[in-house]
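Dear colleague,

I am passing on a structure for you to look at, and below it I have written out what was found. Please keep in mind while reading that it is a predicted model.

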Amino acid sequence: MAASGDAPHFPRSASIDGYGKGGFAFADMSHRGSLLCLPDSIWAWDVTQPSQIDRYALQRVFDAANKIDTLIVGTGTEVWIPPAPLRTALRGVGIVLDAMQTGPAIRTYNVMIGERRRVAAALIAVP
């Protein structure tokens, strides 16, 4: 599933201030559903479970690869081992993939953007 919409929810990166109840809070806004956080924008993301994560679902990440060193994937409440072909494809464009449950992913993402690192996050919403 691809990221949804033609325009971002927010036109720059922002820390995630809260999560749960099927959504996220960031930049004095709230969003219901999953998020794709890039260095220059935050997008709604149609993924609801880790098995849906593939190159197509991460196309915006591949398109922005020249701005990203690390992709943090928040897998909701599930543990997910990324398929080797996806990890290899991301490595091929210079991106390291780090998957973990959504809570730890948000904390890691917030620290990394606070350090001005070249990071993106694909975050599955949790109930």
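**The sheet and its helix**

Three strands make up an open sheet, arranged in the order β1-β2-β3, and their pairing is antiparallel. At the edges lie β1 (16-20) and β3 (29-32), each of which pairs on one side only, and from one strand to the next the twist averages 15°.

In soluble globular proteins, nonpolar side chains tend to be buried together. In this model the largest nonpolar core has 23 residues, and those with the most contacts inside it are L36, W45, I53, L58, V61, L71 and L90. At least two residues of this core come from each of β4 (34-38), β5 (41-45), α1 (59-63), β6 (70-74), α2 (84-92) and β8 (119-123). Which residues does V61 touch, if those up to four places away in sequence are not counted? They are L36, L38, I68, L71, L90 and I95. There is also a second, separate core of 18 residues, which includes I16, F26, A105 and L123.

With best wishes

Conventions: Residues numbered from 1 in each chain as written. Predicted model: local features only at pLDDT ≥ 70, side-chain atom pairs only at ≥ 80, totals over all residues. Heavy atoms only, no water. Pairing = 2+ DSSP bridges. Helix = DSSP H or I, 4+ residues; strand = E, 2+ residues; numbered from the N terminus. Axes fitted to C-alpha atoms, helices over the stretch in contact; angles between N-to-C directions. Core = buried A, V, L, I, M, F, W, Y, C linked by side-chain atoms within 4.5 Å. Buried < 20%, exposed > 50% of the residue type's maximum accessible area, 1.4 Å probe, protein only. Contact = heavy atoms within 4.5 Å.
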